[in-house]
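User: Please take me through the helix packing in this model. For each term, I want the value, the cut-off and the conclusion.

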Amino acid sequence: MKSVACFSSSVRAACQHTSACFPLNRAIILCSPVSRCTKVDFTNKTVIAQQPCVTGVRSFHNTHVSTAAVQHVSAASLTTPVPIPGRREDDLTVVQFGRHIPPKTGARPAPQLSPYSPYTKPQNNAAALVNIQSLTEGEVIPELCSKLAGFPSNDRAEGLATLLGACVEFGLAAHNPLVLRLINECLELLSNRDIGVSQVCHLGEVAHALEGRQSAMVTEVLDSICGAVEEDVVSPSEAARVYSLLALCHNPGSQRQRLMLSTLHRHTQRMVHRLNACQVSDILQALVKLQQRRAITLVLRLSHRASRVFKAFKDEEVIKVLSALMILGQHDEELLAAIEKHLPGRLGTCDPELISTVMEYCLQMKCRSEPIFESVAENFVCHAERHSTLQIAKQIVAMGRLNYLPQCSIGMFKKLESILSTRFSQFQPRSLIEVLHACIHLERFPLNYMSKVFSPYFLHRLQAQRGALDKNAMGQLTQLHLSTSLECTHYWGPRLPYGLHVKKFSSLDQAFETPMENLFYKQVKGPLTELLGGKLFSTKILTPYGYTIDVEICLDEQGYVLPLSQWEHTYRRMALCLDGQNRFCSNTQHLLGKEATKRRHLRRMGYEVVQIPYFEFEKLITPEEKVQYLHNKIYPTIFKFNNGS
């Protein structure tokens, strides 16, 4: 198959042999063989995106080609078609030389609409109002098809795809005579196997829109593309186009298509360094639609490429890239560095959705980035009014859960309080709880809104939103209640009804506490047993408030460690937190917000909290070093008890 890198020639060549041009729904041009028509291009996007430059206009209702009917005018003098008042929207009215050429009288049946692309009537006068039935009259399309037949395959394919796309846009069914003529022309062309990959993809897109994935034309298109992929003749731009097409019509049950996709992955990996920003975004979006979670190497290379071209991304492309990476579950440190470098400079003018998407990405990847969070917080202070309530919630939640308190926190929380006061009713109940719950992670207690949140009216709204209070929402409400009880003793407002309290915070989604890592516990167990002179401790203890303690040690009044059989004489309790890697932000040694909140609450409940982080313990090599490390962590607390503090 011949691969074409660019389309320097197009159906313009065919149109140069014709004399009259017809505006067909936003610059689709049809020509009759009377005089010359210039600046007509049937390539994808260009033809549809720009208004045509025409030299002659005639009514679609003339069924015979006549030179007398063609009048030459300049593009500047062409008037936009305007509907005649009182007529139906689907009637055609063309303004030519300041006068109306009315549509042909006589009612005709409405064209049958395609089930795959419903016909949408033009919404304004800028779009040409066309009666699609006119296309089936006369020899306009057959003459153009015959003209295209003598030109190169790529030009012919672009012209046929554009005409067929116009039929799809106007809702013609696949069995319409005009559409059948074009489909047969396309199938004949595809059988030659000498069309460029981009042109084949264009044909595949319109065929899928017309008949769906089961179309015979789509099958031919995929066969052609499969051959090109196997021959490794696909350029970077063509690879992006192929991915977009496969996202539309890929059949997961097809063994050949699975092999083609695997081969395409390998070829694209070698070309990643040549992809531009738009192509990176398109391919990542296609990988999401194709559910290619196992294409890890390709995704990581695309992420790395995104870091190199980040400055060239448009706002919507950044949103697509980060959304795709979140779904695919991959993260690249260089991409984060690129965001840290370039994002602060675009915050003042960028789409607020971009900011919330970046914060959501940081949260999912547990990236506690000081440059990003500081710039977002400063932008929030200045421009929070421009953001929707959901966008505000995503920004505050990310900072809270990643335990980041910005330098402008005073201004940020003042702004947040102002927004909550003026737009309280605009927040969805679930989003509002997310925001308030994130605040307590940063030791900012929203007491002004506790009475509203714990009111029966708000709880009823929350329940009505989802049909029932899920465990996550109940857990957040419970932690809000604990914060008022344990950390804000001066609060005397409404409380959460006891029936809505969760009995334990441990859950499969680890929303409130991260379970102890068994491997880390096994590494600590031996040295701890040796230090205490036996297994004088218990693990995974559930407290009355719902938290789970990794390792609990009980002491008597003199500060001696009690054996398990004498725990009824406990005077003081010690909670050892074996903090594995999952309890910290991915790029720092800062605890996650939920873990910091848990430790504060344990201290308020009377526990002496001793933290044993993995990054300290893993440096120890010999058993003696580990025992000494635990001694230095635990016994200062015991000595403090003995001193009566």
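User: What makes α10 and α11 roughly antiparallel?

Analyst: Helix α10 (residues 277-289) and helix α11 (residues 296-308) pack at an angle of about 150°, their axes being 10 Å apart. Axes are lines fitted to C-alpha atoms, for helices over the stretch in contact, and angles run from 0 to 180 degrees between N-to-C directions. Angles under 35 degrees count as roughly parallel, over 145 as roughly antiparallel, 65 to 115 as roughly perpendicular and the rest as oblique. The pair α10 and α11 is therefore roughly antiparallel.

The model is predicted: local features need pLDDT of at least 70, side-chain atom pairs count only at pLDDT 80 or more, and totals for chains, interfaces and linings use all residues. Residues are numbered from 1 along each chain as its sequence is written, and side-chain values use heavy atoms, leaving out hydrogens and water.

User: Which residues make the contact between α10 and α11, and how do they divide by class?

Analyst: Val280, Ile283, Leu284 and Leu287 of α10 make the contact with Leu298, Val299, Leu302, Arg305 and Ala306 of α11; contact means heavy atoms within 4.5 Å. They divide into eight nonpolar, no polar and one charged. Ala, Val, Leu, Ile, Met, Phe, Trp, Tyr, Cys and Pro count as nonpolar, Asp, Glu, Lys and Arg as charged, and the others, Gly among them, as polar.

User: How do α6 and α7 lie relative to each other, and why?

Analyst: Helix α6 (residues 197-211) packs with helix α7 (residues 216-230) at an angle of about 155°, with axes 9 Å apart. That angle makes α6 roughly antiparallel to α7. From α6, Val197, Val200, Cys201, Leu203, Gly204, Ala207 and His208 meet Met217, Val218, Val221, Ser224, Ile225 and Ala228 of α7. This contact has 10 nonpolar, three polar and no charged residues.

User: How do you know that the length of α7 fits a helix?

Analyst: The expected span is 1.5 Å times one less than the number of residues. For the 15 residues of α7 that gives 21 Å, and the end C-alpha atoms are 21 Å apart, so the two agree. Helices themselves are DSSP runs (H or I, at least four residues), numbered from the N terminus.

User: What do the buried residues of α7 pack against?

Analyst: They pack against α4 (153-169), α5 (177-190), α6, α8 (236-249) and α9 (255-271). Among these buried residues are Val221, Leu222, Ile225 and Val229.

User: Are α13 and α15 roughly parallel or roughly antiparallel?

Analyst: Helix α13 (residues 333-346) and helix α15 (residues 370-383) pack at about 30°, with their axes 9 Å apart. They are therefore roughly parallel. Leu336, Ile339, Glu340, Leu343 and Pro344 in α13 meet Pro371, Ile372 and Ser375 in α15. By class, that contact has six nonpolar, one polar and one charged residue.

User: Why is Glu378 called partly exposed?

Analyst: Buried means under 20% relative accessible area, exposed over 50%, and partly exposed in between (1.4 Å probe, protein chains only). Glu378 has 45% relative accessibility, so it counts as partly exposed. Glu378 lies in helix α15, where the buried residues include Phe373, Glu374, Val376 and Ala377. Covering the buried residues of α15 are helices including α13, α14 (352-364), α16 (389-401) and α17 (409-423).

Note on methods: Helix = DSSP H or I, 4+ residues; strand = E, 2+ residues; numbered from the N terminus.
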